[in-house]
Amino acid sequence: MTPVLVRYDDLEALVKSAFRVKKKGPLTGPMPGKEIVMDKSGSLKSKMKRMTFEDYIDHCKCSRVWGYTNSGKKIVIRYWMSKDATLEDVLEFFAHEIGHHLGKKYSNHIKEEKKAREFEVAAIVAYRLAKSVLKEKRANK
Ligand SMILES: [Zn+2]
């Protein structure tokens, strides 16, 4: 599995691409449907919320990495990341997007997002454990 990565420097252009907005100029006004706002605290809580594109873009900026993946066999991940994105932000994001391609595919949007979120959590916990045991190993040399 080697996903194809497409990096966007322009977050708004990426959001337009994700929501298939053809309109030129700034992205404003209400979004077409409700959006899932995932709880970043580590729980799998999420809620569907009506948002404007302005609020959604602010939400994406707060995540420091945002993007989406296709649903085809060949994995393509389109993403944007802020200058202050951390390794954990990037790891979480890619684990989430790859998670959409693994296991059972849910037609229920919330269930599918929760499944992808579980991959994020697994990746972060594994990363922190790996860092910790390597640090311990080096300290005991
Ligand atoms: Zn997702």
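Helices (H or I, at least four residues) and strands (E, at least two) are DSSP runs, numbered from the N terminus. The model is predicted: local features need pLDDT of at least 70, side-chain atom pairs count only at pLDDT 80 or more, and totals for chains, interfaces and linings use all residues. Residues are numbered from 1 along each chain as its sequence is written.

The protein chain holds four helices and five strands. From the N terminus on, the elements run β-α-β-β-α-β-β-α-α. The C-alpha trace spans about 60 × 35 × 30 Å along its principal axes. A residue counts as buried if 20 or more other C-beta atoms lie within 10 Å of its own, as exposed if 12 or fewer do, and as partly exposed in between, with C-beta atoms placed from the backbone. Of the 141 residues in the protein chain, 16% are buried. Two residues are in contact if their C-beta atoms, placed from the backbone, lie within 7 Å. Among contacts between residues at least 6 apart in sequence, 51% join residues at least 24 apart.

L27 lies in the loop between α1 (11–18) and β2 (30–38). L27 has 18 other C-beta atoms within 10 Å and is therefore partly exposed. Leaving out residues up to four places away in sequence, L27 touches E12, V15, K16, V21, F53 and I57. F53 is 26 residues from L27 in sequence, yet the two C-alpha atoms are 6.1 Å apart.

Strands pair if DSSP finds at least two bridges between them. Three strands form an open sheet with mixed pairing, in the order β1-β5-β4. β1 (4–7) and β4 are the edge strands, and each pairs on one side only. Neighbouring strands of this sheet are turned by 25° against each other on average, direction ignored. Axes here are lines fitted to C-alpha atoms, for helices over the stretch in contact, and angles run from 0 to 180 degrees between N-to-C directions. β1 and β5 run parallel and are joined by four bridges. R7 has Y79 in β5 as its bridge partner. α3 packs on the sheet and touches β4 and β5; the direction of α3 makes about 15° with that of β4.

β4 and β5 run antiparallel, with five bridges between them. W66 stands opposite W80 in β5. Four of the five residues of β4 are buried, so β4 is largely enclosed by the rest of the structure.

Helix α3 (residues 87–99) has 13 residues. The expected span of a helix is 1.5 Å times one less than its number of residues. For α3 this gives 18 Å, and its end C-alpha atoms are 18 Å apart, which agrees. Buried in α3 are E92, F93, F94, A95, H96, E97 and G99. The buried residues of this helix pack against β4 (65–69), β5 (76–81) and α4 (109–139).

A nonpolar core is a set of buried Ala, Val, Leu, Ile, Met, Phe, Trp, Tyr and Cys residues joined through C-beta atoms within 7 Å. The largest such core has 13 residues. V65, W66, Y79, W80, F93 and F94 have the most contacts inside it. α1, β4, β5, α3 and α4 each supply at least two of its residues. Beyond four places in sequence, Y79 touches L5, R7, Y8, V65, W66, G67 and F93.
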